[in-house]
Amino acid sequence: MTELIIEVQNLKKYFEQIINDQNIQTKAVNNISFNVNKGEIFGLLGPNGAGKTTTIKLLLGLLEPNDGNIRVFGLNPEREDIKIKEEIGYVAEEPLIFRSLTPKDLFNFISSIRKLDPLKTEKKVKEYLESLDAIQYYEQIIDTLSHGNKQKIQIISAIIHNPKLLIFDEPLAGLDAKSVKVLKEILDLHKENGGAVLFSTHIMKIAEELCDRIGIINKGKIVGIGTIEELRKQSNKIGASLEDVFLRLTEQDKSVMEIIKKLRASFNNK
Amino acid sequence: MKNKLTEYYSMAKFISREVFYEAQMKQAGSRQAKFLEKCEKNKKYIGRMVLILKIVSSFMIILLPLIYLISVPSVLDLLKPSGNIEITAITYGIVFSIFIISYMTYLILFGLYTIGAFMSGDSFNWLRTLPISKKKLRKYAFMTLFRSIDLQLISLCVALPILIMILTQNVVLMLMSFLISIPNAILCLCVLIFLGEKISRVIFSKENTSKKSSRTKILVFGLIISVSIGMNLILQFIFYGIEGFVSFFTLSPDTHVWNLILSLIPYPFGPIYFITLFISPTNVPPLLILTSTIGFLLFLGITYVIGKKALKSIKSVIGTEKERKSRKSSQELKLEEINIKIKESTTTIAYIKKDLTTAARDPQSAMLLIMPIMITIIMILSFSSGLTEVSDLNIQLLSFLMISLVMISTINPIMLVSGLMNMEESGSTITSALPILPRDQAKAKLILMILIHKQFLLLFQR
Ligand SMILES: Nc1ncnc2c1ncn2[C@@H]1O[C@H](COP(=O)(O)OP(=O)(O)OP(=O)(O)O)[C@@H](O)[C@H]1O
Ligand SMILES: [Mg+2]
């Protein structure tokens, strides 16, 4: 009996923008449906601008959908976003935490907002900082840290309250090899303890190793969903790597070859 | 209940720090790297900056208007008690109204960027991802707003009482002025919130990329800077001419009519007339009591209405991520319509363009170009204000020209050169990776400098 953590049905989100004095509509999410179960790591893959970040923001109730249904822990993020956020650890695409604070102040702030037990939190923060090699930055202003270290602080700030669901938007961006390994271990541990994870990434190898199921988005639509085996079947590429499957499903495999040819030609003409 | 309030207050410390940081970064524009470096060296830097700016601006709010009094002693003579209540009322009404306006100007000047950063809502993006209810978020927002300019607001409340105490030594008047200072501070805060919202929409918005919006950006900058500096000039001139101005009213046979009319104007005269009633309550004609009370009530009403609107715009700050919704029909972007064009130009022109566009984009750089002109004008005006005592018109004119020429040819270029060089430092992140000859850079700077300088000379020949 699997328990549904995230349920998304026919989700739609359109943006409007003025470009050259014209009102342009972008269908960032265009009819997406998927589920994430308890004890599962779900990967969202897709080219740049596919709509991954938008989907994630909709799950948290940070954006209002134009149409469709979302349930997180069976709750509607538009109305019960507070309850949902209490159980979620969210890492945004760009560091969203207060960058003028030191990690020390930041963790203090979070623990008072989330009403955490100070002693337990202290222990946790220390463990995570040590395991991610970031303890020396504890009293430096976050904005002065390097990109990867900022990301580490953001990740720690998202997991110190033992959330049931982790939603990570490109968590690996900027992390070094060792930290990637540690983070993978953290995600696995979280899953073993009955938590669920939804994360987006561009690194196929990680997705292949880590994810139980993968959803591939292209231009706001799901073009493939399931375990890696199922994805291979959907793309008629038995035994292929996830990268090849991904390129096929997002219809980029042929265009990649063409682009390379064109680039070579124009480079030689120079 | 009280415990809760202090909790919000102490948590707002972090948020207001972030808001302040945001404002500093935005103001630093392309010089952010330098600002960051300072933070890196000293992690208390931000906290100290917050405190210093708060104290300095509070002092400025209280002290700057007093400077006019020292530089224009005739104002003190004006305020000497006279037997005639009508004359006293109109003198007080005019003089203190000017002060009230100047307080507001200084509050806006010192608070605009912080409040602008607050109203942009960027600092709440992360809070929105935490489990904080809308109601709590609103409380945090209020506390943050208050913490960002608490000292300034308090000094706004005591500035007028201090001034009145110095000038009149009348305790009743002082207490009354303290009472009206509170709604006045609220009104000023609301005006600041509106202006901050406008600024944040223009400066911090990312959605609109049309030419029109960047033009409005430049326009708004120009407007803010010239209004803030122009306001000072106007105040200075008013004080120099105030004797004549006041005597126009006091010598007029219809002083009492003027009093009635002015006291009906809710801002800034309403509250001031209201407190002048307390100089000698028994002597004031009943009609004036009536009109001043009406004026004061109107002032309270306006404050209430504006306050409500300001509350609404604060609430909008913490709402969901800002999205633009328009009634115009929208369409999908057609790839064929995008034409990529790169215009060919010489390095020098490219450089001038870069300087002008950075000036348009970040306020600090814009200041670097505009300030020299403004400061020169101010210097000329303040130096030549002493000329009124010279009786010979020709000598007056000649000295004025001399002063202008000296100022234009010395101060202006010095400030322009240092401003432009400063701007260079700021862009170093972009340009250091490009193969640019220093000579090309220098040429561009020179041309730009001569252009601005010329403009200025032409202005003065008229
Ligand atoms: N606030 C916004 N206003 C207008 N358009 C937006 C906005 N946010 C996202 N979009 C558009 O929605 C589409 C999907 O964006 P999204 O950020 O979800 O992509 P993504 O899959 O996360 O891409 P990436 O891999 O580059 O992070 C893009 O075309 C983007 O331009
Ligand atoms: Mg994204």
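Lys123(A) is exposed, at 58% relative accessible area (buried means under 20%, exposed over 50%, partly exposed in between, with a 1.4 Å probe and protein chains only). Its partner in a salt bridge is Glu127(A), at 4.0 Å from N to O; the term asks for a side-chain nitrogen of Lys or Arg within 4 Å of a carboxyl oxygen of Asp or Glu. Glu127(A) is partly exposed, at 43%. Both residues sit four apart in helix α4 (residues 118–131) of chain A, so about one helical turn separates them. Helices here are DSSP runs (H or I, at least four residues), and strands are runs of E of at least two, numbered from the N terminus.

A word on conventions: this is a predicted model, where local features need pLDDT of at least 70, side-chain atom pairs count only at pLDDT 80 or more, and totals for chains, interfaces and linings use all residues. Residues are numbered from 1 along each chain as its sequence is written, chains are lettered from A and ligands numbered from 1 in the order in which they are written, and side-chain values use heavy atoms, without hydrogens and water.

In helix α2 (residues 81–86) of chain A, Asp81(A) pairs with Lys85(A) at 3.0 Å. Lys85(A) is buried at 3%, and Asp81(A) is buried at 16%.

Finally, the magnesium ion (ligand 2) has Thr53(A) (OG1) and Glu93(A) (OE) as protein donors, 1.9 to 2.1 Å away. Donors are N, O and S atoms within 2.8 Å of the metal (3.2 Å for Na, K and Ca); water is not among the atoms, so sites may look incomplete.
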